[in-house]
Amino acid sequence: MIITETQIWDRFNTNKSTLISADWLKGVYSLDLSDELRWTIGERLGLLAKEGWDVIKVLIDVYGNQPELIHAAGLCHQEGACNFLLQLLREQAKPNIILVRALACWGAILSTQELKRILGENSMQMRLAGLNLLSFKAHLLTVNELLDIVVDLLDDFREEVVIQVIKILQRRDEVEIIDCISQIARNGTDKIVETALIALGSIGTIQSVESLSKLSQQFVSETHRSIAQKQISHQHINSSLDCMI
């Protein structure tokens with residue numbers, strides 16, 4: 001009996017994902033289905049963890065590396081899926097965005113060279129996906145390794161990329177990181193400058209407060225000076241609260 005797309009959607013709409021077995025999903029999957037439905041089937045399989053991965057492997061063997069199956073492999077969080085995706089990445093001459101996104105939670109496993117290769121792509125979506133991977137790896141890197149990976153991204157003309165770099169850097173408190181963020185604050189757009197100043201405030205060390213103080217004196221923009229001074233005042237408030245505890 002052939003199950004129509006409408007019947008599959010009806011099943012999805014009337015049953016929780018945990019009540020639909022991986023075998024049933026395997027039985028209804030077909031390249032003849034719409035992209036949206038195939039993607040939904042992939043997501044349902046990914047949410048079934050090991051049971052889902054067992055079926056995803058079979059479907060990949062039969063239908064090849066379809067985008068929804070790669071996405072599903074990333075969702076299932078299985079060691080075998082991780083190994084498969086990493087191998088696929090290392091075989092590709094040019095990183096694929098669906099694959100890079102599927103590897104999201106395994107960023108710490110990637111080598112620095114693999115991360116640099118992904119971040120070397122010009123696409124904004126690829127760079128953002130690569131920075132998401134780096135966010136899982138950053139705490140394992142030395143300050144020089146981390147700065148070496150992101151140095152080229154600091155000149156990216158797209159605010160979204162630079163802001164994401166700042167958010168990764170602000171988790172560290174080394175002097176080199178503070179100097180890097182301070183330099184970004186001197187040259188960025190309004191939104192980038194604001195993000196950099198808030199990042200310095202969140203680091204909360206003597207060095208970061210000194211950098212904020214210098215910046216507040218150097219800024220021509222009253223708005224930027226105000227943001228810098230506000231971050232400095234937060235440090236004073238936090239220090240006062242610490243003394244009261």
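In the predicted model, helix H12 contributes the largest share of the lining of the largest pocket, namely four residues. This pocket has a volume of about 230 Å³. Its lining comprises 14 residues, and those lying nearest the centre are Leu 154, Asp 155, Val 162, Ile 184 and Asn 187. Helix H11 (159-169) and helix H12 (175-187) each supply at least two residues of the lining.

Helix H8, which spans residues 112-119, contains four buried residues: Glu 114, Leu 115, Ile 118 and Leu 119. These residues lie on the same side of H8, because they cover an arc of only 130° around the axis. Such an arrangement can be related to helix geometry: an α-helix has 3.6 residues a turn, so residues three or four places apart point the same way.

Aromatic side chains were examined next. The count of aromatic pairs in the model comes to four. One of them is formed by Phe 12 and Trp 24, whose rings are arranged edge-to-face, with 6.3 Å centre to centre and 75° between the planes. This pair links distant parts of the chain, since Phe 12 belongs to helix H1 (residues 5-14) and Trp 24 to helix H2 (residues 22-28), 12 residues apart. Phe 12 has a relative accessibility of 5% and therefore counts as buried, the threshold for this class being under 20%. A second pair, between Trp 53 and Phe 84, is tilted, with 6.0 Å centre to centre and 45° between the planes. Here too the pair links distant parts of the chain: Trp 53 is located in helix H4 (residues 49-63) and Phe 84 in helix H6, 31 residues apart. The two partners fall into separate accessibility classes. Trp 53 is buried, because its relative accessible area is 8%, whereas Phe 84, at 22% relative accessibility, counts as partly exposed.

The Phe 12 and Trp 24 rings also take part in a cluster, in which ring pairs link Trp 9, Phe 12 and Trp 24.

Gly 74 is located in helix H5 (residues 67-75) and counts as buried because its relative accessibility is 9%. When residues up to four places away in sequence are not counted, Gly 74 touches Leu 85, Ala 102 and Trp 106. The C-alpha atom of Gly 74 is separated by 9.8 Å from that of Phe 84, a residue 10 positions apart from Gly 74 along the chain. Phe 84 is also the residue of helix H6 that pairs with Trp 53 of helix H4.

Gln 231 is located in helix H15 (residues 222-244). At 9% relative accessibility, Gln 231 likewise counts as buried. With residues up to four places away in sequence again not counted, Gln 231 touches Leu 197, Ile 198, Gly 201 and Leu 212.

Key:
Residues are numbered from 1 along each chain as its sequence is written. This is a predicted model: local features need pLDDT of at least 70, side-chain atom pairs count only at pLDDT 80 or more; totals for chains, interfaces and linings use all residues. Side-chain values use heavy atoms; hydrogens and water are left out. Buried means under 20% relative accessible area, exposed over 50%, partly exposed in between (1.4 Å probe, protein chains only). The arc is that of the directions from the helix axis to the C-beta atoms. Rings of Phe, Tyr and Trp (its six-membered ring) pair if their centres lie within 6.5 Å; planes under 30 degrees apart count as stacked, over 60 as edge-to-face and the rest as tilted. On a 1 Å grid over the protein atoms alone, a cavity is a set of points where a 1.4 Å probe fits but cannot get out, and a pocket is an open set with protein on both sides within 12 Å along at least five of seven lines; lining residues have an atom within 4 Å of a point. Grid points are joined across faces, edges and corners, and a volume is the space filled by probe spheres set on the points. Contact means heavy atoms within 4.5 Å.
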